[in-house]
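Please look through the sequence and the model below. Some questions and answers follow.

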Amino acid sequence: MAGILTGRRLGRLARLLGLAALLATLALLSTACGSAKAASSSTSQLQITDARAPAPASPDVAVVYLTVANHGSSADRLVSASTPAAEQAEVHQEIRKGLLITMAPSGPQVIPAHKSLVLSVGGSHLMLEGLLRPLNVGDHFMVTFHFQHSGDLTVSVPVVAASAA
């Protein structure tokens, strides 16, 4: 009878469904792995590359590392940044005094013509304070950078393992 699943047909159907589930899982994993790469965005003059946020150890604060390259013939200034993922976003610098390490807002950052602003581990970074949602490895969130001359530039920032930052 065509409508009845025999043991043999049932086993074959189960194997096919298992294969389909495996393929779907692999597709999701490859998409997730591909999306964990550092993000980039650009205007005609400025280019943001290697944007990434290590998974935060605290539920309240996080950092973003990136590079802003100025390919233009005149300087520009990073005035501020904003994100829907946090109440506040501002560039901080790490200050070392002996064994004591503190962080403080560094204000607007000038990016000279044909030079880059690098926000990296152990130096300046974008500090996110008052996180509005958890940031887990594999997540993405948007950050908009506000430049004096180039206007706004928005980039999708992947959350990466702390060891990958």
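Q: Which residue stands opposite Met 142?
A: This is a predicted model, where local features need pLDDT of at least 70, side-chain atom pairs count only at pLDDT 80 or more, and totals for chains, interfaces and linings use all residues. Residues are numbered from 1 along each chain as its sequence is written, and side-chain values use heavy atoms, with hydrogens and water left out. Strands are DSSP runs of E with at least two residues, numbered from the N terminus. In β11, the residue opposite Met 142 is Ser 156.

Q: How many bridges pair β10 with β11?
A: Two strands pair if DSSP finds at least two bridges between them. β10 and β11 form a hairpin with three residues between them. Strand β11 covers residues 151-160, and its antiparallel pairing with β10 runs over a count of bridges that is eight.

Q: Which residue of β10 stands opposite Ser 80?
A: Strand β4 (residues 76-82) runs antiparallel to β10 (residues 140-147), and four bridges join them. Opposite Ser 80, the residue in β10 is His 146.

Q: Is Ile 48 buried or exposed?
A: Ile 48 lies in strand β2, residues 46-54. Buried means under 20% relative accessible area, exposed over 50%, and partly exposed in between, with a 1.4 Å probe and protein chains only. Because its relative accessibility is 0%, Ile 48 counts as buried.

Q: How far apart in space are Ile 48 and Thr 154, C-alpha to C-alpha?
A: In sequence, Ile 48 and Thr 154 are 106 residues apart. In space, their C-alpha to C-alpha distance is 9.0 Å.
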